[in-house]
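Trainee: I would like to learn how to read a model of this kind. Where should we begin?

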Amino acid sequence: MTQTTVTSRTITTTTTSSGLRSLYLIRVAFSLIWVALVVTTSASLVSTDRPTVIAAVLLVVYPLWDAIATLLERRMADTGSTDRFGTTNMALGLATTAGMITAVFSTIGTTLLVFGIWALLSGAIQLVVAIRRRHTVGAQWPMIVSGGLSVLAGASFAAMSASATSSLSAVAGYSAFGAFWFLVSVTALSIRSRREKR
């Protein structure tokens with residue numbers, strides 16, 4: 001009976017880890033494509049400019065995709081007590097999407113403010129979820145670092161939104177760093193998975 005319980009838990013953890021790795025790789029690909037599109041079409045837009053149609057679409061899609069990815073993560077991960085944080089993060093992503101739809105009719109500075117508040121709050125949620133999940137899934141230190149950096153970046157975006165020289169290149173850099181930490185997390189989860197199979 002004891003052996004069956006341990007084996008079942010190991011299988012669940014392995015499945016969760018595999019699912020998270022796949023989702024994180026998808027998030028890496030999305031972020032890199034998003035960064036490439038921002039850099040090639042919208043990086044020169046500064047705080048006082050009005051977003052172009054392409055920039056507006058990119059800015060609205062980003063938090064929406066995060067809400068969708070959070071939903072997928074909740075379905076594949078053994079979130080347990082962290083489920084309410086996933087729900088909160090999804091609601092935050094959808095609220096930010098709605099806020100961004102309004103902000104893109106104003107200026108880049110307004111979108112940076114909305115983006116900054118979202119990055120700060122979602123980073124805080126990611127930080128809490130990763131800390132709680134480290135005992136069940138493990139290898140969460142990259143997500144802990146990423147969440148902490150997101151909080152700092154969000155505060156920075158909100159602060160720089162009033163500067164006339166702020167541009168969307170900062171947001172592209174944020175997304176690129178996010179992709180990097182998701183990739184590091186994939187590596188950490190893979191290493192942990194190999195160790196558990198030995």
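Mentor: Begin with accessibility: buried means under 20% relative accessible area, exposed over 50%, and partly exposed in between, using a 1.4 Å probe and protein chains only. Gly-99 has a relative accessible area of 27%, so Gly-99 is partly exposed. This is a predicted model, in which local features need pLDDT of at least 70, side-chain atom pairs count only at pLDDT 80 or more, and totals for chains, interfaces and linings use all residues. Residues are numbered from 1 along each chain as its sequence is written, and side-chain values use heavy atoms, with hydrogens and water left out.

Trainee: How many helices and strands does the chain have?

Mentor: Helices (H or I, at least four residues) and strands (E, at least two) are DSSP runs, numbered from the N terminus. Here there are 6 helices and 0 strands, in the order α-α-α-α-α-α along the sequence. Of the 198 residues, 45% count as buried. Gly-99 belongs to helix H3, residues 83-103.

Trainee: Is Ser-42 buried or exposed?

Mentor: Ser-42 has 1% relative accessibility and therefore counts as buried. It sits in the loop between helix H1 (2-41) and H2. For its neighbours, contact means heavy atoms within 4.5 Å. Leaving aside residues up to four places away in sequence, Ser-42 touches Leu-37, Thr-52, Ile-54, Ala-55, Leu-58 and Leu-168. Across the chain, residues 24 or more positions apart make up 80% of the contacts with a separation of 6 or more.

Trainee: What span should helix H5 have?

Mentor: The expected span of a helix is 1.5 Å times one less than its number of residues. For the 20 residues of H5 (residues 141-160) that gives 28 Å, and the end C-alpha atoms are 28 Å apart, which agrees.

Trainee: Which residues of H5 are buried?

Mentor: Pro-142, Met-143, Ser-146, Gly-147, Ser-150, Ala-153, Gly-154 and Phe-157. They cover an arc of only 130° around the axis, which puts them on the same side of H5; the arc is that of the directions from the helix axis to the C-beta atoms. Leu-152 and Ala-159, on the other side of H5, are exposed.

Trainee: How many aromatic pairs does the structure hold?

Mentor: Rings of Phe, Tyr and Trp (its six-membered ring) pair if their centres lie within 6.5 Å; planes under 30 degrees apart count as stacked, over 60 as edge-to-face and the rest as tilted. The structure holds 11 such pairs. In one, the ring centres of Tyr-62 and Phe-115 are 5.5 Å apart with the planes at 45°, so the pair is tilted. Tyr-62 lies in helix H2 (residues 53-76) and Phe-115 in helix H4 (residues 108-133), so this pair ties together parts 53 residues apart in sequence. Phe-115 also pairs with Phe-157, edge-to-face, at 5.9 Å centre to centre and 70° between the planes. Both Phe-115 and Phe-157 are buried.

Trainee: Which residues are closest to the centre of the largest pocket?

Mentor: Rolling a probe the size of a water molecule over the atoms shows where empty space is left. On a 1 Å grid over the protein atoms alone, a pocket is an open set of points where a 1.4 Å probe fits, with protein on both sides within 12 Å along at least five of seven lines; lining residues have an atom within 4 Å of a point. Of the 34 residues that line the largest pocket, Arg-27, Asp-66, Gln-126, Ser-146 and Phe-182 are the closest to its centre. H4 supplies the largest share of the lining, 8 residues.
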